[in-house]
Amino acid sequence: MRIVIASNNKHKINEIKEVLPARISLISLEDIGIKGDIPENEDSLEANALAKARYVYKLSGLNVFADDTGLEVKCLGNRPGVHSARYAGEGRNSDDNMNLLLKEMSKCPDRSARFRTIIALIFNKEEYIFEGIVNGKIAEQKSGSEGFGYDPLFIPDSYSLTFAEMSINKKNSISHRARAIRKLCTFLNKIEQ
C-alpha cells in the first residue's frame, strides 16, 4: 500500500517510518514534487491536519495523511498548542520556541503538559481523524540531543528522561505521534481485510 505523508520534515518522516508496517510505503511530498510549506492557518490541530491533507490530495489525487501536533502546557492555558511550531515567530526555530516556553513558565509551579497529535487521513476520497496523546511535564532546562521540536523539554509521565534523551525506538513506543499512527495503521489493516 502506498500513501503520501503531507510533510517534508525528515525527522518526522523517519519517526513515522519506524512505526509503520513494512507493507505500507510512505511517499514524501518531495517524492511527488510538492515543495515548500503547506499553509497552516487554522485555529485547531484538527483543522490544520485536515487542511494539509486536503491541499495535498487536491494536488496529487493520492491517498494522503497529514498530522499536526501541539504541546499543551496547563499553566499557560494550553499554549503553545496549535502555534507550537511558530511559538517564538515565523522562523520555526526550536531553540527559540523552547527558550520562550521556559521564560513564560519561570513562575509556573505546575509544569504539567501534554503532546497531542491529530492525523487526518484521506483514503479513497473519505476523510478520517485519529488522535494520539501523551501526558507529562516540562523540564526546568533542555536535556538530550535526539528527536526534534520540544523533545529536550518534555518528560513523559512515569519517566525521568526527556524525549530527547530517549532512543527513537523508546520514544516511538510511547509518543503521541506513534499512538496516532498506530490508530491509523489499525484502520488501514481493517480496510485491507
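Q: Before anything else, what counts as a helix or a strand here?
A: Helices are DSSP runs of H or I with at least four residues, and strands are runs of E with at least two. The model itself is predicted.

Q: With that settled, how many helices and strands does the chain have?
A: The chain has 5 helices and 7 strands. Their order along the sequence is β-α-β-α-β-β-α-β-β-β-α-α.

Q: How compact is the chain for its length?
A: The chain is as compact as a globular protein of that length, because its radius of gyration is 16 Å, close to the 16 Å that the globule rule gives for 193 residues. Along the principal axes, the C-alpha atoms fill a box of roughly 50 × 30 × 25 Å.

Q: What share of the residues is buried?
A: Of the 193 residues, 46% count as buried.

Q: And what share of the contacts comes from residues 24 or more positions apart?
A: Such pairs account for 56% of the contacts with a separation of 6 or more.

Q: How far apart are the mean positions of the positive and negative charges?
A: The mean positions are 2 Å apart, for 28 positive and 26 negative charges.

Q: Let us go to α1. Which of its residues are buried?
A: Lys 12, Ile 13, Glu 15 and Ile 16 are buried in α1. Seen down the helix axis, the buried residues fall within an arc of 165°, so they line one face of α1.

Q: Why would residues three or four places apart point the same way?
A: An α-helix has 3.6 residues a turn, so residues at that spacing point the same way.

Q: Which residues are exposed on the other side of α1?
A: Lys 10 and His 11 are exposed there.

Q: What does Ser 7 touch, leaving aside neighbours within four places in sequence?
A: Ser 7 is in contact with Lys 12, Ile 13, Ser 28 and Leu 29. Lys 12 and Ile 13 are among the buried residues of α1.

Q: Where is Asp 67, and is it buried or exposed?
A: Asp 67 is in strand β3 (residues 64-73). Its relative accessible area is 3%, so Asp 67 is buried.

Q: On to α3: which residues are buried, and what do they pack against?
A: Asn 97, Met 98, Leu 101 and Leu 102 are the buried residues of α3 (residues 94-104). They fall within an arc of 130° seen down the axis, so they line one face of the helix. The buried residues of α3 pack against β3, β4 (79-81) and β6 (126-138).

Q: Finally, is Leu 59 buried or exposed?
A: Leu 59, in helix α2 (residues 45-60), is exposed, with a relative accessible area of 55%. Leu 59 and Ser 173 are 33 Å apart, C-alpha to C-alpha, and 114 residues apart in sequence.

Technical notes
Residues numbered from 1 in each chain as written. Predicted model: local features only at pLDDT ≥ 70, side-chain atom pairs only at ≥ 80, totals over all residues. Heavy atoms only, no water. Contact = heavy atoms within 4.5 Å. Rg over C-alpha atoms; globule rule 2.2 N^0.38 Å. Buried < 20%, exposed > 50% of the residue type's maximum accessible area, 1.4 Å probe, protein only. Lys, Arg positive; Asp, Glu negative; His and termini not counted. Charge placed at Lys NZ, Arg CZ, Asp CG, Glu CD. Arc of directions from axis to C-beta.
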